[in-house]
Structures are given as structure tokens and as C-alpha cells.
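Please have the sequence and the model open.

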Amino acid sequence: MERGSDKHGPRLDDQQKHETEGLVRSGGSTHAEEWKEPESPLAPGEEPRSSYPPGHEPGAPEGITPRGVDARSDLAKWLSDADWPASRGELVRHVDRAQAPDAVAGMIESLPERRYANVSDVAKALGLGAEQRRW
């Protein structure tokens, strides 16, 4: 008896045959591989559709520079598990224990001495800007 493969049994051969039957019969791709299909080109003057919902486009939000976005992201990464509210000294100790990069430690060490409610409060104190929310 001839099988499709010597590496596995007839049951797996039959399963694979069933899975590829549509592809073999149609001579083209199946709906299971739609993601491989190229998109049709845009007509002249047609604008590309955004795949992002309104208000969720990539880039820096209003009120923050791209550098500020990166710095806020680094702060959030290293301060997310800090005990809030926290003083400057507590935050310095926290980033030292976490072995945060020098850039993050430097930002925290440059903070004025006071209590901070959260990462956003720290970012504002560092002059990184604040998001402007549109309601």
C-alpha cells in the first residue's frame, strides 16, 4: 500500500490531504490564506485607508514631542511597579534596585524634592509634556 509520506501515518496523510484539497482543486489560494493575498493598488487620486481607529493613530499625541514619548515610555517601564505616591528619594532608590539604565536614573535624580503621585506627575516635573485629551 502506497502512502503519501514515510514520516507519519495514514491518518495524518488523510488530514493533510483534506486541508489542502481546496487549494489543489481551485488552483489558487484558499480563504484560509487571505492574509497572503496582496492588496489591490490604489486608484489614481485615492487615499489609503487608515487601519487605525480615530484617535489611535501612531505618533506623538498633542502636547508631547516624540522625544518626550520615548522618555515617558522609559520612565513607565522602570517606575510601573514603584509604590505611589513616592518621594524623589524613594524613586531614586527604586530605580537603583531595579538597575534602570543611566538615562532613567539621571532623569529621576534631576527631579525636585517632593512627592509624586504617578509616572505622569514625574514626566510633568521633568518637562516632558502632558497629553492633551480631546473630549
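The buried residues of H2 pack against H3, helix H4 (102–109) and helix H5 (119–125). Contact here means heavy atoms within 4.5 Å, and buried means under 20% relative accessible area, exposed over 50%, partly exposed in between, with a 1.4 Å probe and protein chains only. Helices (H or I, at least four residues) and strands (E, at least two) are DSSP runs, numbered from the N terminus.

This is a predicted model: local features need pLDDT of at least 70, side-chain atom pairs count only at pLDDT 80 or more, and totals for chains, interfaces and linings use all residues. Residues are numbered from 1 along each chain as its sequence is written, and side-chain values use heavy atoms, with hydrogens and water left out.

Which residues of H2 are buried? They are Gly-68, Ala-71, Arg-72, Leu-75, Trp-78 and Leu-79. Seen down the axis of H2, these fall within an arc of 135 degrees, so they line one face of the helix; the arc is that of the directions from the helix axis to the C-beta atoms. Pro-66, Asp-70 and Lys-77, on the other side of H2, are exposed.

Now the salt bridges, each a side-chain nitrogen of Lys or Arg within 4 Å of a carboxyl oxygen of Asp or Glu. The count is two. In one, Arg-115 pairs with Glu-90, with the closest N and O atoms 3.4 Å apart. Arg-115 lies in strand S2 (residues 115–116) and Glu-90 in helix H3 (residues 88–98), so the pair ties together parts 25 residues apart in sequence. Arg-114 and Asp-121 form a salt bridge at 3.1 Å, N to O. Arg-114 is partly exposed at 36% relative accessibility, whereas Asp-121 is buried at 18%.
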